[in-house]
Amino acid sequence: MKKPKDIIELLFMIKKRGGLYIGTKSITRLKSFIDGYKFVMNLENKEYNADVYYQFNDWMAQKYNVKESILWDMYLLKLTDDEGKSFDLFFEELEMFLKEHNIDIPEID
């Protein structure tokens, strides 16, 4: 398994092979995985290049008028009322954000 260079690449690894990382397409599981990943990286004092991810969080909060950017997962789930659809919507939004900001979408083998 290839080590991701940043959290965005990790997210696209999860998109491609969700079952391997979180078991099933689920926005709740995705958010829990991300939170756990960030926790471990901080605990180990490791750099995980999260600037783009945090910008995306703020972008999502602004786009959906969510008062706290940490709540995007709950908002997407409320919007779609389906774990799998929320998961897919998350990645649609992430790709839109990356394109808007001229950031390359990682190629995952």
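Author: Helices are DSSP runs of H or I with at least four residues, and strands are runs of E with at least two, both numbered from the N terminus. Just after helix α3, Asn 45 takes a positive phi of about 55°. This is a predicted model, in which local features need pLDDT of at least 70, side-chain atom pairs count only at pLDDT 80 or more, and totals for chains, interfaces and linings use all residues. Residues are numbered from 1 along each chain as its sequence is written, and side-chain values use heavy atoms, without hydrogens or water.

Reader: How do you know that the span of α3 agrees with its 17 residues?

Author: The expected span is 1.5 Å times one less than the number of residues. For residues 27-43 this gives 24 Å, and the end C-alpha atoms are 24 Å apart, so the two agree.

Reader: What makes Ser 26 a cap of α3?

Author: A side-chain oxygen of Ser 26 lies 3.3 Å from the backbone nitrogen of Thr 28, at the N-terminal end of α3.

Reader: Why is Ile 7 called buried?

Author: Buried means under 20% relative accessible area, exposed over 50%, and partly exposed in between (1.4 Å probe, protein chains only). Ile 7, found in helix α1, has 1% relative accessibility and therefore counts as buried.

Reader: Which residues of α3 are buried, and what places them on the same side?

Author: They are Ile 27, Leu 30, Lys 31, Ile 34, Tyr 37, Lys 38 and Met 41. They cover an arc of only 125° around the axis, taken from the directions to the C-beta atoms, which puts them on the same side of α3. Phe 39 and Leu 43 are exposed on the other side.

Reader: Which of these does Ile 7 touch?

Author: With contact meaning heavy atoms within 4.5 Å, Ile 7 touches residues including Ile 34, Tyr 37 and Lys 38.

Key: A polar contact is a pair of N or O atoms within 3.5 Å; within protein, one must be able to donate a hydrogen and the other to accept it, and residues adjacent in sequence count only if both atoms are side-chain atoms. Lists of a residue's contacts leave out its neighbours within four places in sequence.
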